[in-house]
Amino acid sequence: MLPLHSSSNEIAEPDSLWAFWAAVEVLPAIAVASALFLYLFGVYTLTKRGDAWPIGRTLSFCIGGMGSIYLATQGPLAALDTVLIWTHMVQHMILTMIAPIFLALGAPITLLLRTAPQWIRKVVLAVLHSWYGKFVTFPLVAGGIFIINPWILYYTDFYELTLTNPLVHNLNHLHFLVVGCVWIWALIGIDPMPRMGHPLRLFAVFLTLPFHAFLGLSLMSAPTTIGGGFYETVVRQWGPTVAQDQEIAGGLLWAAGDLVGLMLFVVLMIQWAKASDREAARIDRELDRQEQLNQSDLK
């Protein structure tokens with residue numbers, strides 16, 4: 001958190017950028033370091049035995065995924081996430097919308113299944129292919145959870161609890177990430193899990209993302225401040241007013257929904273095109289095989 005003035009609840013303006021970047025949240029930092037270690041150890045194990053692992057997946061998971069999580073939970077955003085609403089909203093967007101895209105393209109479950117002991121593989125596959133796994137990862141269900149989650153957070157007393165309780169605060173960050181991963185992995189993930197066809201996934205994106213714009217507009221026009229008045233108790237002589245702060249947060253959420261929607265559409269269309277090419281190649285091989293068999297029969 002930022003340093004305090006003599007008044008117990010007055011937040012001082014940082015004297016330098018170092019005051020921002022020096023902010024460290026211990027639990028998220030440990031979690032990011034642990035995830036990086038396990039992923040890179042898996043890659044090392046795989047390559048050591050002679051199996052290939054695409055470098056793009058490693059970069060996506062480690063730099064895009066873990067890097068964005070670290071950015072959201074450390075430094076300036078960590079220093080201000082209970083001071084300004086818009087900084088919390090940036091965290092929300094990174095953890096729910098941005099990091100899961102890179103994590104999905106990093107294929108960590110595939111890496112786990114190729115390097116973990118057999119009993120772990122059995123457990124993971126059993127969970128993925130259970131009725132619960134199929135239900136939760138169905139695009140419209142995952143999208144519904146993704147939609148409802150922020151509305152419940154910002155319009156209940158739970159949000160104020162995340163601002164005043166450090167443990168709940170960190171668990172809320174984890175919750176953001178998990179909800180985003182379930183939805184986005186159901187859309188563009190490349191790990192082995194139940195997944196619907198590309199048309200339904202595109203339809204799910206089309207249905208769900210506008211609701212973040214609606215939430216952003218709701219926050220911008222709300223007559224009261226979210227957080228049960230918590231932000232009015234934070235005394236600072238710098239930055240936007242509380243009302244302006246909430247308007248900025250709502251505007252960011254509104255814009256982010258459209259931007260992430262465009263990213264997902266592009267990734268889905270690329271994946272669909274590649275899947276069509278693979279299917280066309282498979283059909284060509286099958287036709288060639290049938291032709292060879294027919295020629296053998298004629299002889």
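Author: The model is predicted. In it, helices H12 and H13 are roughly parallel to each other, because angles under 35 degrees count as such and their axes cross at roughly 10°. H12 covers residues 198-208 and H13 covers residues 210-221. The two axes come within 5 Å. On the H12 side, the residues that meet H13 are Val205, Phe206, Leu207 and Thr208. Their partners in H13 are Pro210, Phe211 and His212. Sorted by class, this contact has five nonpolar and two polar residues, and no charged ones.

H12 also packs against H11, which spans residues 166-188. Here the angle is about 145° and the axes are 9 Å apart. The crossing of H11 past H12 is left-handed. H11 contributes Trp183, Ala186 and Leu187 to the contact, and H12 contributes Arg201, Ala204, Val205 and Thr208. These residues divide into five nonpolar, one polar and one charged. Val205 and Thr208 of H12 take part in the contact with H11 and also meet H13.

Further along, H13 holds Leu219. Leu219 has a relative accessibility of 1% and therefore counts as buried, the cut-off being under 20%. Beyond its neighbours within four places in sequence, Leu219 is in contact with Met89, Tyr155, Ile226, Gln246, Gly250 and Leu253. Tyr154 is 65 residues away from Leu219 in sequence, while their C-alpha atoms are 8.9 Å apart in space.

Notes. Residues are numbered from 1 along each chain as its sequence is written. This is a predicted model: local features need pLDDT of at least 70, side-chain atom pairs count only at pLDDT 80 or more; totals for chains, interfaces and linings use all residues. Side-chain values use heavy atoms; hydrogens and water are left out. Axes are lines fitted to C-alpha atoms, for helices over the stretch in contact, and angles run from 0 to 180 degrees between N-to-C directions. Helices (H or I, at least four residues) and strands (E, at least two) are DSSP runs, numbered from the N terminus. A crossing is left-handed if the near helix is turned anticlockwise from the far one by less than a right angle, and right-handed if clockwise. Contact means heavy atoms within 4.5 Å. Ala, Val, Leu, Ile, Met, Phe, Trp, Tyr, Cys and Pro count as nonpolar, Asp, Glu, Lys and Arg as charged, and the others, Gly among them, as polar. Angles under 35 degrees count as roughly parallel, over 145 as roughly antiparallel, 65 to 115 as roughly perpendicular and the rest as oblique. Buried means under 20% relative accessible area, exposed over 50%, partly exposed in between (1.4 Å probe, protein chains only).
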